[in-house]
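Hi everyone, thanks for coming. Let's take a short walk through a structure together, and do look along as I talk.

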Amino acid sequence: MVSALFEDADEVSRRLDAVGQLVDQGTATALYLATTLERPLLLEGEPGVGKTSLAKALAAALDTPLIRLQCYEGLTAGEALYEWNHQRQLLAIRLTEARSETLTDADLFTEEFLQDRPLLRAIRHTGPVPPVLLVDEIDRADDEFEALLFEILGESSITVPELGTFTAVHAPVVVLTSNRSRELHDALRRRCLYHWIDFPGPERVVEILRRSVPGADAPLLASAAEFLGRARTLELDKAPGMAEAIDWVAALSALRVDRLVRGDVLRTLSTLAKSPDDHVALTEALTQLGCPPEGEPHASDAPHTEEARKP
Amino acid sequence: MSPGGGALLPAVDRTAFAVALGDRLRARGVPVGLTLVDDFVRALVCTTLRSRAELYWTARICLVRNHDDLAEFDAVFEAVFGSAVLPLDPHARRDGPGAAPRGDDNHAPVPGSSREEEAGQGLPWVTRPTTVDAADGATEHTLALPERLPSDVAGLVDTPFEKLGPYETRLLGKWLESALRTWPTRRSRRFAVRQRGARIAVRATVERSRRTGWEPVVLVRNGAIAQPRRVVMLCDVSRSMQPQAVAYLHLMRALTLTADAQVFAFATSLTRLTTVLAQRSAEAAIEEASRRVADRFGGTRIAGSLRALLDSHHGGLLRGAVVVVGSDCWDGDPPERLAAAMARLRRRAHRVIWLNPRAGAPGFAPRTTTMAAALPYCDALVPGDTFASLRGLITQITHCARRERHPAPRM
């Protein structure tokens, strides 16, 4: 193993902490093992739990470029690996004809006419530190695309028939993310280390929110984290994740709210609920979530309401 | 691998340790291949473990590749290390702490069908007629292909819902889930290279022509991508539908889990059940759904519920969808209102299928005024009194995959 990027898992947490990303022990271990064993890392977890931002933070911590490949249905090799620049090749042919020079096939297939796409760019990167290659939402790409990744994941090399095989000087740190909209193939899973990112506990949520929204004050953060924890137990179409939580607290602090009150929660609910059904479900459950109606004290909620009004 | 360092596992043969843990996981059904064990050994070499949590994370990241296996992994890890006093004793050097107490025979016979929940209780086959065994004592050494007997499921599918117990209903619910293999599709606006597509893909053709000296010998074609079509199912849970309600909930759960389906229950008002049924175990989902539907086993307002669906923001879901309405058509609303609602539904949906539990009875004719009012707007009327007929419904839904609009069989 040549010059490991990190000494141990603690160093991973420390250096990610320095760039503003809080990670738990499991995630730090996963990143440490992925960089040390030079294996790709497959991250799964609910949407908005911070998979993509983890890769970004890793690139920032290593001070190396982040090369991102956003997957989508119908993504082809031409958009992921490389493409020949047809237009320039045709121009070159015309130009040599006009100058009445001779042109061989080898002249047309040189690196000059090769257009790097993200995967090849990551392989051809020259620098002391390998780049971070983020293959985002791999589950959105077609099954066939997974097979395309095997060579780069296994050997860190890409073969261009006309030019030969490019092999990375330092194998890039590959991070794949998936939202589990479909099952990935076992062959892909086998090649990667796997880490499932759990939704963080309340204390950590407060920690992360404090980092992400510096303007918000402590009591608001605590009550917001508690509110989120309860809201996530409801049967929602999409349970609010970390990204929604950050948006929500940012919205609350932009409105200069210092305490969770029903009216303010209702005003900012659109940052948490991303479908009409969730909006209705959250609104109905507000009392149960710790925000009782203010104007009309309910018989059963009356003591609760009084308590909430005291401070 | 030499025995070595780490405060947690002093002088433990890490290879043996990793292999033993992998073995134990495999015995519990977690697919742990050689690559994964190799990863784990390499990870153990390059980390100094100081706490159980570190060991946990290292093992989990290296040995588990799927979220579904995490629970099993946690159980095994807890069983192995939960009460173990770490650092491990020298005993662990011999065969690793994870070694299961078992014999040397790795080729022990495995029961042919271990998935009992699908096949039902008991062995679904016999090996040989017993009379042969009695005549000849040496038959146990001859290999015989097992003769398959109908399993529990096959015997149950034709039983009416009223006569099924909860266990059988659950079993058949699972069977329905497995029956949903193909799904109707719709043509999307996006194109992809396809062998017998309708258009010529110019860019791909030119690219391909590079191989033949820029002479386009092979034409590459484009075709529209097919997307799964949405299925919307409405289920009547009024008093008259009480025997069928649980079975229909199982069907709706199967639809929700397998593909892009939206499901609703109604009696006098409409309740959306998609999220409830998609989560957790079958029993919990059914229970929660029954709790959610406040007005179940009361009266029926089919027309009112249909109108509520059409008017709500879910109305858009019906556009181009295959709509299944499961009801016995005993309606409290006047039939004209149902006809009006059905006409609106018909205009919006791709296909409307009515599922009637009474339609399977011999001599059934759609004579109730509501059924007669709804029938002109339905593409098919399907009986729904046994699980076999629910399977028939699935075949009907799958039929919608065909692009041309052929008249559906009417009963």
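In chain B, strand E3 and strand E5 (residues 221-228) run antiparallel and are joined by six bridges. Pairing here means that DSSP finds at least two bridges between two strands, and strands are DSSP runs of at least two residues, helices (H or I) of at least four, numbered from the N terminus. Within this pair, Arg187(B) has Ala226(B) of E5(B) as its bridge partner. The open sheet has three strands in the order E3-E5-E4 (chain B), with antiparallel pairing. Its edge strands are E3 (185-193) and E4 (199-200) of chain B, each pairing on one side only.

A word on where this comes from: this is a predicted model, where local features need pLDDT of at least 70 and side-chain atom pairs count only at pLDDT 80 or more, while totals for chains, interfaces and linings use all residues. Residues are numbered from 1 along each chain as its sequence is written, chains are lettered from A and ligands numbered from 1 in the order in which they are written, and side-chain values use heavy atoms, leaving out hydrogens and water.

Now to chain A: is strand E8 (residues 173-178) buried or exposed? Six of its six residues are buried, so E8(A) is largely enclosed by the rest of the structure; buried means under 20% relative accessible area, with a 1.4 Å probe and protein chains only. E8(A) pairs in the parallel sense with strand E1 (residues 41-45) of chain A over four bridges, with Leu43(A) partnering Thr177(A). Strand E5 (residues 132-136) of chain A also runs parallel to E8(A), joined by four bridges, and there Leu134(A) stands opposite Val175(A).

Key
Buried < 20%, exposed > 50% of the residue type's maximum accessible area, 1.4 Å probe, protein only.
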